[in-house]
Every structure is written in C-alpha cells, then in structure tokens.
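Please open the structure in your viewer and keep the selection tool at hand.

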Amino acid sequence: MDVKEIIAKGDLVYEKTKVLTDKEMHYCPGCTHGTVHKAIAEVIEEMGIQEKTIGISPVGCSVFAYEYLHIDWQQAAHGRAPALATATKRLMPEKYVFTYQGDGDIASIGCAEAIHACNRGENILMIFINNGIYGMTGGQMAPTTLDGMKTATSPTGRTVEQNGYTLDLTKMIAPLPGVCYVARHSADTAAATRKLKRALKKGFENSMKNKGTSFVEVISTCNSGWKMSPVAANEWMRENMFPVFPLGTIKDE
Amino acid sequence: MAKVKGAVVVDIEKCKGCGICIDDCPTDTLAFERAVNGKGYHYAYMKAPELCIGCSNCAISCPDTVITVYRVKPERKKTS
Amino acid sequence: MSDVKLLKGNEVIAEAAIRCGCDGYFGYPITPQSEVMETLMERAPWNTTGMVVLQAESEVAAINMVYGGACCGKKVMTSSSSPGVSLKQEGISYLCGAELPCLIVNVQRGGPGLGTIQPSQADYFQTVKGGGHGDYKLIVLAPNSVQEMNDFVDLGFELSFKYRVPAMILSDGMIGQMMEKVTLSPKKPRRTEEEIIKEDGDWATTGKTADREQNVITSLALKAEEQEATNLRLQAKYKEIQENEVRYETYKADDAEYLLVAFGSCSRICSKTVDTAREDGIKLGMIRPITLFPFPTKQIKEFAKQVKGFMTVEMNAGQMVEDVRLAVNGEKPVEFYGRFGGIIPSPEEIRVALEKQLFNK
C-alpha cells in the first residue's frame with residue numbers, strides 16, 4: 001500500500017484543529033509558542049469551550065496570539081494580563097479565562113500582578129512560557145535567564161554578582177493558598193505536548209470549580225535568542241533548563 | 001504481524017524547516033527535502049514512507065501545525 | 001420621590017456608581033479619596049446589584065482590571081488621587097488606544113511627587129493634555145459640588161460609552177471631602193450581556209460564538225498605515241466631542257466687563273468674589289468650564305468681544321490659563337492667579353489679585 005492509497009483509504013488521525021486560524025504564525029522556525037498555541041487550541045476544541053473562552057495575550061513575541069487562536073482575546077499591557085483576567089473572570093464567571101505570558105512579562109515587569117492574582121485565588125488558568133530570554137526585543141536577559149547564560153544584556157554570561165539569581169517564579173507561586181494547581185511542562189516532543197495538554201485541560205476545568213488559580217509553566221526554547229538550531233535548542237533546554245526548572249506536577253489540590 | 005501503515009502530508013509552503021518533527025519521529029521516516037519551499041526552507045518530507053506508523057508525533061510536535069496524518073490499521077490492510 | 005441625603009463627595013461617587021448600574025469598581029487606597037472604595041465595601045453591592053468591587057494590589061493593577069472589564073463591554077470604573085493617577089497613566093493610554101469606555105475619578109491632591117494630601121488642581125495638564133503616551137484625549141468633567149459628583153458618574157459613563165473614549169471626573173480633595181446635600185440619581189439596573197450587545201454593538205470579548213468573528217481588543221498596530229488610521233479615527237471622534245459635548249456655566253456674565261474663569265472648587269470661591277465685586281459696582285462675572293475636554297473655547301472667544309479682560313483662578317501654577325489664552329488669542333488680557341500646595345485661595349485675595357493684575361491696568 002503506497003502513500004497515496006493510505007491517504008485515500010486510511011483514517012485521518014491528525015489534522016489541525018479549527019480553533020487555530022489559517023494564518024501563518026510569525027514565530028521563528030521551531031519556536032515553542034506555536035506548539036503551546038496548538039496545545040491550548042486542541043484542549044479548547046476537545047472541551048468544546050471555544051464560545052466561552054477568553055484569552056489575555058501579553059507583550060512580547062506572543063502578543064499576536066490572538067491572530068492564531070480563534071477565540072475572543074484581550075491584549076494586555078506588559079505584565080498586566082492577570083489584572084485583566086481578574087476583572088474578566090469576576091465580571092463573567094461563566095467564561096473560561098486564561099492568561100498567556102512570557103518570562104519577561106510575568107516574572108519581571110508583571111511579577112506583582114501575577115503573584116496577587118494567584119494569592120487572591122482568581123479562578124483563571126495562567127500559562128507561563130519560560131525560555132529564559134526576551135525574544136521580541138532581541139534576546140535580552142530575563143529574570144529566568146540561567147547563571148552563565150549569554151544574552152544581549154549579559155554578553156559575557158549572567159553572573160550572580162551582577163544580576164542576582166535565576167528566578168523560579170513557579171516555585172514562589174506554588175505555596176500560595178490561592179493556587180490549586182501548579183505544573184511545569186515542556187512542549188519539545190509529542191509526548192511532552194500530550195502531557196502539557198492534560199495539564200492545560202485540568203487548569204481550564206479547575207477554573208470552573210471555584211478551586212482557585214491554576215498555573216502551568218512551559219519550559220521553552222528561543223532558538224533565535226539562544227543562537228542555536230531548533231533541534232539543538234531543544235537539546236540544550238533538556239540539558240540545561242530542566243535541571244534548574246524540573247518538570248512535573250508541583251501542586252494539585 | 002502486520003504493521004500499522006501511516007502517511008503524513010506536510011503543507012510544504014507553510015513548513016519552516018525547523019526539523020523538530022524529524023527529531024521526534026520514532027521511525028526515522030522524515031527528513032529535510034533537498035529542495036526549498038517558497039520561503040527558502042528545506043521542508044520536511046517522508047524520506048522512508050514505508051517506515052511511517054501514523055503515530056502523529058510529528059504533527060503534534062510541529063510548532064506550525066503543518067502536518068496532517070493518516071493511518072491504516074492492520075485489519076483494514078488485510079481486507080483491502 | 002427623590003432620594004436626598006447629606007453625604008461626602010467621595011461617598012456620593014460610590015452611591016452613584018451603584019445606582020447607575022455600574023458593573024465593577026477596582027481601586028487602591030489613597031488619601032483623599034479612600035472613602036469611595038470604603039463606601040462601596042460597606043454598601044456591598046455584590047449582594048444587591050451584583051456589582052463587583054475589588055481592592056487591587058496597586059493602582060497599576062486597578063486600571064488594568066478596568067481595562068479587562070471594559071473589554072467585556074461592562075460599565076467599570078476606578079478612582080484615585082494624583083500620585084495614583086500618575087501610576088494609572090499607562091493603562092489610560094491603552095484604554096484610549098483600544099477605544100474602551102470606562103470612568104476614572106481623580107480626587108486631586110498637591111504635587112509633584114508624594115506632595116500633600118490637601119486639595120489641588122495641578123493635574124489639569126495631565127488630564128486634559130494626555131498624561132500617558134500617544135495622541136489621545138479623555139472626556140473630562142470637573143464637578144464643583146457634591147451634587148455634580150453624583151450627576152457626573154452617570155454622565156461620565158454615558159459619554160464614555162457613546163464615543164468609546166474613557167471619561168474622567170477631575171475633582172479635588174475639597175469636593176471629595178466636603179459634605180453637602182445631594183439628590184441621588186434614580187436606580188438603574190445593570191445591563192445584561194444581550195442589552196450591552198443591543199445598545200453598543202457586538203465588539204466586546206464575551207466569547208466567540210459561531211455566528212460572529214472573534215473579537216480582539218488591542219491597541220497594537222505594527223504597520224504605520226494601520227496606526228495612522230487609528231489616530232485619524234480617534235481625532236475624528238475628538239472633533240465630534242468638541243463640537244457636541246461642551247458643557248459650561250456662566251455666573252453674572254451677561255453684562256460683565258471682567259470675567260473670571262475657574263473650574264471645580266475654585267469656581268465656588270470665585271462666585272463669592274463676583275458677588276462682593278458686584279456689591280461694589282464692579283461688573284465682574286464668571287465662566288466655569290464643566291467639561292475641560294472638550295473645552296469651551298468658542299464660548300470664551302465670544303466673551304473676548306464683550307469683556308475688558310479675563311483672569312483664571314486655579315489651584316496650580318497656571319495650567320487652564322493656557323487654554324483660555326489660546327481661546328482669547330491675544331484679543332484681551334488674560335491674567336492668572338493661583339495658590340498651591342493645598343492652599344485654597346480666599347475670595348478676598350482673588351479680589352486683590354483682580355485689582356492688581358486686571359482692573360488697574
């Protein structure tokens with residue numbers, strides 16, 4: 001049986017979800033954003049909640065998330081997505097509300113909004129894309145940049161003396177009583193993405209159960225910023241990021 | 001035992017040639033095409049179609065979601 | 001039957017918000033306006049109208065909660081005082097860029113910096129000329145009584161939704177803290193999602209239903225042409241607002257030879273100066289801009305034909321005077337008298353300033 005026959009006679013086992021638009025993503029080749037967008041879109045489709053989901057997009061590379069996920073979106077000022085989500089969920093409790101933020105957005109400029117939304121136990125899903133670098137502005141250092149990592153603003157490598165320590169926001173968030181679910185995933189392989197999808201689904205479900213905030217971090221790559229090929233960036237991430245930011249479910253109450 | 005047969009269709013013009021699908025394929029079915037698409041990327045293609053089991057790994061890990069996957073189960077293969 | 005009460009200006013903002021069917025208030029404590037949120041928390045409208053009231057972690061968060069709520073098509077508001085409103089400027093610029101309706105109340109205190117908790121009008125420039133980045137304007141209402149604190153909540157929302165431009169009530173510590181008799185507005189129910197769509201159109205982020213395209217609220221346009229189109233649309237709206245929404249009040253101005261120009265609490269003091277001057281046979285009158293944007297430029301220009309000169313009285317170093325001078329355009333002298341730091345000028349010292357700067361020239 002050749003390829004043409006399989007396509008003609010076989011089962012369609014995977015096609016792009018309708019929750020993703022047909023617009024080509026502006027992301028660099030191999031960028032994790034695309035995979036996470038897809039994971040969110042598939043969860044929304046599987047849960048049948050497209051009509052009831054409102055996304056809050058950040059400032060950074062994923063500012064244009066609204067062009068790719070075919071749902072209603074609010075585009076927030078840098079770091080403020082959790083504040084928008086707070087009001088949106090409180091004013092429309094019957095909707096599924098999620099934020100999508102990068103490390104600069106959530107762990108640097110928006111640290112206060114993130115922590116306080118979690119501490120209030122807002123019934124939202126917060127998605128945190130951590131690739132340890134500022135992508136859109138051209139590869140500057142983030143709070144989550146690893147010690148020794150070279151970026152545009154740490155050209156000889158980040159040092160503790162100059163820049164302090166790599167910030168583990170997720171670990172800071174986890175003990176807060178307002179938070180019901182904290183998990184750290186990656187999206188570098190299909191297996192990892194399947195696990196991520198289960199976490200996202202759990203987060204969406206929690207948001208309707210009045211249980212508090214769900215927080216899902218995705219350890220990601222920025223191969224352009226890291227100056228590596230996409231596949232090499234994934235390998236570098238597994239080798240260097242995973243030991244600092246270990247994957248797994250941190251809290252599930 | 002009859003193997004599951006799979007096939008993938010890559011949307012060539014949308015493929016950015018990142019190679020993540022190739023890396024994530026458990027059967028080494030995929031490879032970069034020598035030719036380039038309209039954007040100048042060496043897109044992914046089925047170099048060894050006979051190896052494809054239709055597992056969808058490539059499609060799921062593709063950041064740009066440009067891959068569609070088909071599969072024929074062994075029972076169906078017998079009947080055809 | 002009307003509902004008459006003796007209340008503080010700040011308390012009235014809260015009462016009026018609940019009564020006009022406001023959906024959400026998001027604030028952060030700051031003197032001299034903390035009674036707004038305190039009153040709301042005491043009245044607990046979430047039990048009656050379903051209005052959401054939330055104390056945010058900062059003014060920055062509060063204004064961005066307003067942004068989120070406004071994206072949903074809801075009637076949402078915040079209040080603060082000068083240093084807090086400075087923090088809100090980023091959010092205000094985004095609200096303007098995304099063309100969202102909302103109400104912001106500034107109960108001004110003296111600055112710059114932490115300044116004083118005493119009343120001031122030093123945020124005129126920040127409010128009227130755009131305190132944040134980009135070409136934008138707010139609809140600015142300047143109340144001079146507790147009654148107007150009540151009335152302008154509903155009016156502010158109405159104008160803001162009509163044009164999808166944020167409205168600001170520019171009050172000050174004097175009006176906010178002052179107790180006066182006030183006739184409260186009749187109660188209006190909060191709007192349902194269907195009513196919002198029917199009245200305002202289907203632009204809000206309420207969930208992408210199968211029968212419409214996705215709604216995206218953003219102020220981002222990377223292409224220059226798109227951004228210019230947004231700017232042109234905004235400017236056209238501001239022009240329309242300038243043509244249709246000017247509100248002002250005159251006091252003994254019909255036969256006036258000299259005209260005081262004052263807004264908010266200063267206008268109350270100036271009316272006393274007008275009365276005593278009239279007793280002395282001086283034909284002094286006053287014009288009080290109620291909307292600071294749109295500014296009563298035409299009306300002031302008209303008065304330039306009639307009067308010998310103008311003097312603005314402000315609790316700042318001379319801010320509105322610039323707009324009066326632009327309106328008068330050199331045809332008559334425009335003087336300025338101001339006090340700062342929370343000092344409220346007396347009717348007598350305004351008279352002295354008039355004698356010195358205007359009458360004897």
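Begin by selecting A:Trp73, which stands opposite C:Val216 in β9(C). The model is predicted: local features need pLDDT of at least 70, side-chain atom pairs count only at pLDDT 80 or more, and totals for chains, interfaces and linings use all residues. Residues are numbered from 1 along each chain as its sequence is written, chains are lettered from A and ligands numbered from 1 in the order in which they are written, and side-chain values use heavy atoms, with hydrogens and water left out.

Now extend the selection to both strands. β3(A) pairs with strand β9 (residues 216-217) of chain C in the parallel sense, over 2 bridges. Strands (E, at least two residues) and helices (H or I, at least four) are DSSP runs, numbered from the N terminus; two strands pair if DSSP finds at least two bridges between them.

Next, select the whole interface of chains A and C. The contact (heavy atoms within 4.5 Å) takes 34 residues from chain A and 38 residues from chain C. The two chains bury about 2800 Å² between them, 60% of it on carbon and sulfur atoms; buried area is the accessible area (1.4 Å probe) that two parts lose on being put together, summed over both. In chain A, the residues that lose the most area to chain C are A:Glu51, A:Asp72 and A:Leu91, together 23% of what that side buries.

Select A:Arg120 and C:Glu57, which form a salt bridge with the closest N and O atoms 2.8 Å apart. A salt bridge is a side-chain nitrogen of Lys or Arg within 4 Å of a carboxyl oxygen of Asp or Glu, and the rule finds 4 across this interface. Then select α3(A), from which the largest share of the side of chain A that touches chain C comes, 7 residues.

Turn to chain B. Here 36 residues of chain B are in contact with 35 residues of chain A, and the area buried between these chains is about 2900 Å². B:Ile60, B:Thr65 and B:Tyr70 supply 21% of the area that chain B buries against chain A, more than any other three residues.

Which residue of chain A does B:Lys39 form a salt bridge with? The partner of B:Lys39 is A:Glu24, with the closest N and O atoms 2.6 Å apart. The count between chain B and chain A is 1 salt bridge.

Finally, select B:Tyr70, the bridge partner of A:Leu12 in β4(B). Strand β1 (residues 11-14) of chain A and β4(B) run antiparallel and are joined by 3 bridges.
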